[in-house]
Amino acid sequence: MENSEDATEPVSPSGRYFNTTVLCAYCFGFLESETPIELSQAKYLFEEVFLPVNPRFSSIMVRDENGEMKWKRVEVKAEDHIKVPTFPENESLESYDQYFEEYVTELLMERTAQDKPLWEIHVIKYPTSTCAGTLIFKLHHALGDGYSLMGALLSSLQRADDPSLPLSFPSRKSSSSSSSSSEKGFFRWFSSTVFSFFNSISDFGWSIAKSTVVEDDISPIRSGEEGLESLPCVISNISFSLDQVKSIKSKLGVTINDVITGAIFYGIRLYMQEIDNEASKANSTGLVILSTRNIGSYQSVQEMMKADSKSPWGNHISFLHVPIPKLTQTNISNPLEFVWNAQKEIKRKRDSFTVFLIEWVLDMELKLRGYEAVAKHIYGTLRNSSVVVSNLIGPVEPMVLANHPVKGLYFTMTGGPESINISVISYTKTLRITLKTQKGFIDERKFKLCVVKAFDVISKAAMEMPNKTKA
């Protein structure tokens, strides 16, 4: 990285430790089109979205005379950032599915050059069995987190029914509601605060142990291989009806996130049992990546860039360690236990101060030991867990990009040493689960079948429950 006198904006701490020798992380967004993709769409994104929205998209990291990392503005050439692969012509959809999978596998392993802005758009002009064409966005995590980058992407999209109206997003709240008197409210608040304090201490200690010395067992979902982040992986997708998920949510009085996390964890245990019955008893942890922003939907890029923004641009994420329940006679006979367990664990950890304590530890480690040490801490957190899970909310209405209808939307992340990375996003009436799995280690087809089976079993059990009567 070169020296520079005209570099002004400092690189944020998270931008630094996501771009080190230990950890080099990327976000990938996939935009599926209902109509054939045109190069003009990529050029529109290049000229109208990425370059104007944020100076980081036209900057590189450099070291100033004091050794501090800064963003330096550079000339950006379209040919350096818009990639258009060539596949054989007039092939079957099955063949194009294979070409697409092979191309994505290679793309996920490649690092972008440090002497150019850290992003690319890949234009897949060929149809697959799911869409007429695909735009792939490769964005370095140093540029921002999934919320920031999704916000930038959504800034370029319009509602298909009325471009003048803003996009809207589904509620994240639980379907259950309660009310109480002020007296009961006070005692409930006092007791929950006390419990939250002790839970925070317990969860924080466990999180530090999991990030440093306590590893998950080697199992059918965790190979534990060295340098796993550089090994080939495969992308596959599962789609569920959002209305069906909402029906389960309403029946159980939980959140959409609780339903999906419960189904994923149940599916994981079914997969482990299928591969090796004894391995299903392994100690396994899901590392849930979450935003520390207290906001329900995306702000415009202009809002994120303001100094007093409620949800500023950048990386504002933390993580929660959630144990994956083992199969027992109780949860085998009542699989809804997986959903209720997910609700209990995630709510308990979200209500504690653990997330902020983890941020404090990373900040102290940064001040005392530097960026590489923080990167090693995050890398160890990922390595010692079995599965990484993240989610984003997508718009309710169908979207268009430069008048081209968007059929589907999904994302994934790379750079971590996990065998399975699971990302979840909603779009219109579909909830999409994207699996990034270690090639040759995870049987992705069997894994998908197990998650689908888990969801179907949970859905059936939920629908057979009697409706709750409101007090």
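Reader: How many aromatic pairs does the structure hold?

Author: It holds 11 aromatic pairs.

Reader: How do you describe a pair like that?

Author: You give the distance of the ring centres and the angle of the planes.

Reader: OK, take Y96 and Y126. Are they stacked or edge-to-face?

Author: Stacked. The ring centres are 5.3 Å apart. The planes meet at 20 degrees, and under 30 counts as stacked.

Reader: Where do Y96 and Y126 sit in the chain?

Author: Y96 is in helix α4, residues 93–109. Y126 is in the loop between β6 (119–124) and β7 (133–140). The two are 30 residues apart, so the pair links distant parts of the chain.

Reader: Are Y96 and Y126 buried or exposed?

Author: Both Y96 and Y126 are buried.

Reader: Which cluster are they in?

Author: One aromatic cluster is formed by F87, Y96, Y99, Y103 and Y126.

Reader: What about Y271 and F447? Stacked or edge-to-face?

Author: Edge-to-face. Their centres are 5.1 Å apart, with 70 degrees between the planes.

Reader: And which helices do Y271 and F447 lie in?

Author: Y271 lies in helix α8, residues 256–275. F447 lies in helix α14, residues 444–463. Y271 and F447 are both buried.

Reader: New topic, charges. What sits over the ring of Y371?

Author: The charged end of R16, 3.6 Å from the ring centre. Elsewhere, K138 lies over the face of Y26, at 5.0 Å from the ring centre.

Reader: Now helix α7. Which of its residues are buried?

Author: Helix α7 covers residues 242–252. Its buried residues are L242, V245, I248, K249, K251 and L252.

Reader: What happens at the start of α7?

Author: A side-chain oxygen of S241 comes to within 3.3 Å of the backbone nitrogen of D243.

Reader: And what follows α7?

Author: G253 does. Its phi is positive, near 65 degrees.

Reader: Last one. What pLDDT does the chain average?

Author: The average is 81, and 80% of the residues score at least 70.

Reader: Where is the pLDDT below 50?

Author: Residues 177–184 are one such stretch. Beyond near neighbours in sequence, that stretch has two contacts in the model. Over residues 186–195 the pLDDT also stays under 50. There the model has one contact beyond four places in sequence.

Reader: How should low pLDDT be read?

Author: Where pLDDT is low, the predicted coordinates should not be read in detail.

Key. Residues are numbered from 1 along each chain as its sequence is written. Side-chain values use heavy atoms; hydrogens and water are left out. Rings of Phe, Tyr and Trp (its six-membered ring) pair if their centres lie within 6.5 Å; planes under 30 degrees apart count as stacked, over 60 as edge-to-face and the rest as tilted. Helices (H or I, at least four residues) and strands (E, at least two) are DSSP runs, numbered from the N terminus. Buried means under 20% relative accessible area, exposed over 50%, partly exposed in between (1.4 Å probe, protein chains only). A charge sits over a ring if NZ of Lys or CZ of Arg is within 6 Å of the ring centre and within 35 degrees of the ring normal. A polar contact is a pair of N or O atoms within 3.5 Å; within protein, one must be able to donate a hydrogen and the other to accept it, and residues adjacent in sequence count only if both atoms are side-chain atoms. pLDDT is the predictor's confidence in each residue, from 0 to 100. Contact means heavy atoms within 4.5 Å.
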